Amino acid sequence: MTQFLSVTMNGLTSRIHHWLAISPGAADRLKLTALAAMLADHINTLLLTPARPELYALGRMAFPLFVLIWARNVMLRPERLQLRASRMWLWAVVTQPAFSLAFRGHDPWYALNILFVFAGVTQLLAWHHRYRLAGMAGGVLLLVLMAWPLSVASYGVPGLVLALSLAIFLHNSSFRQRQTAGAAAFIALLALNSQHLQEIPVTVVVLAILPTVLLPAAAVSAATSPAAGRENRFIPASFFYLAYVGHLLVIGLVRLPGLG
């Protein structure tokens, strides 16, 4: 049984690595797909009354795609983890005023933007790389402290678990750790948008859980198809961060009294 699980896990890991061995241009298209889904979701949530259920479903693929792209790259050069973490913290802090402006009156003041998820998990990985067990303990404590303000608008514990477990799954050679991380990532993926499952189960499954799982898989499959090509990247390295803060700022200004 153990041998069967090992072969299955190794095969799954190899297939996922094959999916992620995409050209820089294909990776850029995935980023743009995720960005477009996020933009549609934010417009739907903050500007449209009533909100459109199809746009809500479309928006469910944004965060899993961003996590997959981040996890694909974060551990490629472990010696640069702290630099990655510092850069992510900087962008998260810079983005927060625009995020607070956009979600003013919709979410409480202490809600954190999604970049804090990536900053916190990258920091945990950087501390673990440098300090091992002590670094892991410190990183877990950091994520525990961040979980509550992230739970309002940025997926909270499921988002943190998905990011951490997927990074471990993609970059760890231990079968047992990959098995545990893979199971945790799948459970977290199902839990991302299942908050109201008991009250409206059919709606949550159709408009939240299934799109969260299936739409990112469809986007990755399209990006890794032979027809996708092997072109070089075509968007600047900081484009996502600028687009993220920029669209929040525009939405926030539109929502100001007298302008919306």
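These legends cover the whole chain and then several close-up views of a predicted model. Residues are numbered from 1 along each chain as its sequence is written. In this predicted model, local features need pLDDT of at least 70, side-chain atom pairs count only at pLDDT 80 or more, and totals for chains, interfaces and linings use all residues, while side-chain values use heavy atoms, with hydrogens and water left out.

**Figure 1. The overall fold.** The protein has 11 helices and zero strands. Helices (H or I, at least four residues) and strands (E, at least two) are DSSP runs, numbered from the N terminus. Of the 260 residues, 43% count as buried, meaning under 20% relative accessible area with a 1.4 Å probe and protein chains only. Contacts are heavy atoms within 4.5 Å. Among contacts with a separation of 6 or more, 75% join residues 24 or more positions apart.

**Figure 2. Helix α6.** This helix spans residues 115–131 and has 17 residues. From first C-alpha to last it reaches 24 Å, close to the 24 Å expected at 1.5 Å a residue; the expected span is 1.5 Å times one less than the number of residues. Because 12 of its 17 residues are buried, α6 is largely enclosed by the rest of the structure. The buried residues include L115, F118 and L125. They pack against α4, α5 (81–102), α7 (133–151), α8 and α11 (239–254). Just after α6, R132 takes a positive phi of about 60°.

**Figure 3. The largest nonpolar core.** A nonpolar core is a set of buried Ala, Val, Leu, Ile, Met, Phe, Trp, Tyr and Cys residues joined through side-chain atoms within 4.5 Å. Of the 69 residues in this core, F63, W70, L115, F118 and L125 touch the most other members. Helix α4 (residues 62–74) gives the largest share, 10 residues. Leaving aside neighbours within four places in sequence, L115 is in contact with M88, W91, A92, T95, F240, Y241 and Y244.

**Figure 4. Helix α8.** Residues 156–171 form this helix of 16 residues. It reaches 23 Å from its first C-alpha to its last, close to the 22 Å expected. Its buried residues include G156, G159, L160 and F169.

Figure 5. R178 is found in helix α9 (residues 175–191). The R178 side chain reaches the backbone oxygen of N172 at 3.5 Å.

Definitions and conventions: A polar contact is a pair of N or O atoms within 3.5 Å; within protein, one must be able to donate a hydrogen and the other to accept it, and residues adjacent in sequence count only if both atoms are side-chain atoms. Buried means under 20% relative accessible area, exposed over 50%, partly exposed in between (1.4 Å probe, protein chains only).
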